[in-house]
Amino acid sequence: ELLQKAISMDPSLHIAHYEIAVTYINLGMQDEAIPYLQNVLKLAARTTQDNRNRELANLMLNRIQR
């Protein structure tokens with residue numbers, strides 16, 4: 001809920017999209033994670049952590065979509 005609230009306050013908050021995607025994946029809900037992973041790839045990276053998360057999101061998305 002807090003991550004969703006963070007996104008509603010700042011839709012460009014890279015880390016919130018990434019963390020929601022990771023949470024969904026850990027819960028076995030890969031289909032729900034896809035839009036958040038796609039957002040991570042679309043959003044502008046502001047930090048080196050955002051760049052790292054973008055790389056990880058790309059890997060996760062590729063695994064899910066196989």
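Reply: Helices (H or I, at least four residues) and strands (E, at least two) are DSSP runs, numbered from the N terminus. By that definition the chain has four helices and zero strands, and its pattern along the sequence reads α-α-α-α. The radius of gyration is 11 Å, close to the 11 Å that the globule rule gives for 66 residues, so the chain is as compact as a globular protein of that length. The radius is taken over C-alpha atoms, and the globule rule is 2.2 Å times the number of residues to the power 0.38. Along the principal axes, the C-alpha atoms fill a box of roughly 30 × 25 × 15 Å.

This is a predicted model, in which local features need pLDDT of at least 70 and side-chain atom pairs count only at pLDDT 80 or more, while totals for chains, interfaces and linings use all residues. Residues are numbered from 1 along each chain as its sequence is written, and side-chain values use heavy atoms, with hydrogens and water left out.

Now the core. A nonpolar core is a set of buried Ala, Val, Leu, Ile, Met, Phe, Trp, Tyr and Cys residues joined through side-chain atoms within 4.5 Å. Buried means under 20% relative accessible area, exposed over 50%, and partly exposed in between (1.4 Å probe, protein chains only). Of the 66 residues of the chain, 29% count as buried. The largest nonpolar core has 14 residues, and those with the most contacts inside it are Ile7, Tyr18, Ala21, Tyr36, Leu37 and Met60. Two or more residues of this core come from each of α2 (14–26), α3 (30–42) and α4 (48–64).

Ala21 shows some of the contacts in detail. Contact means heavy atoms within 4.5 Å. Apart from neighbours within four places in sequence, Ala21 is in contact with Ala33, Tyr36 and Leu37. Over the chain, among contacts between residues at least 6 apart in sequence, 43% join residues at least 24 apart.

Tyr24 also touches Tyr36. Tyr24 is found in helix α2 and, at 21% relative accessibility, counts as partly exposed. Not counting residues up to four places away in sequence, Tyr24 touches Gln4, Met29, Gln30, Glu32, Ala33 and Tyr36. Tyr24 and Leu37 are 13 residues apart along the chain, and their C-alpha atoms are separated by 10 Å.

Asn53, in helix α4, is buried, with a relative accessible area of 1%. Leaving aside neighbours within four places in sequence, Asn53 is in contact with His14, Ile15, Tyr18 and Val40.

Asn62 is found in helix α4 and counts as partly exposed at 37% relative accessibility. The C-alpha atoms of Asn62 and Ile34, 28 residues apart along the chain, are separated by 10.0 Å. Gln65 is in the segment after α4 and is partly exposed, at 48% relative accessibility. Gln65 touches Ile34 and Gln38, not counting residues up to four places away in sequence.
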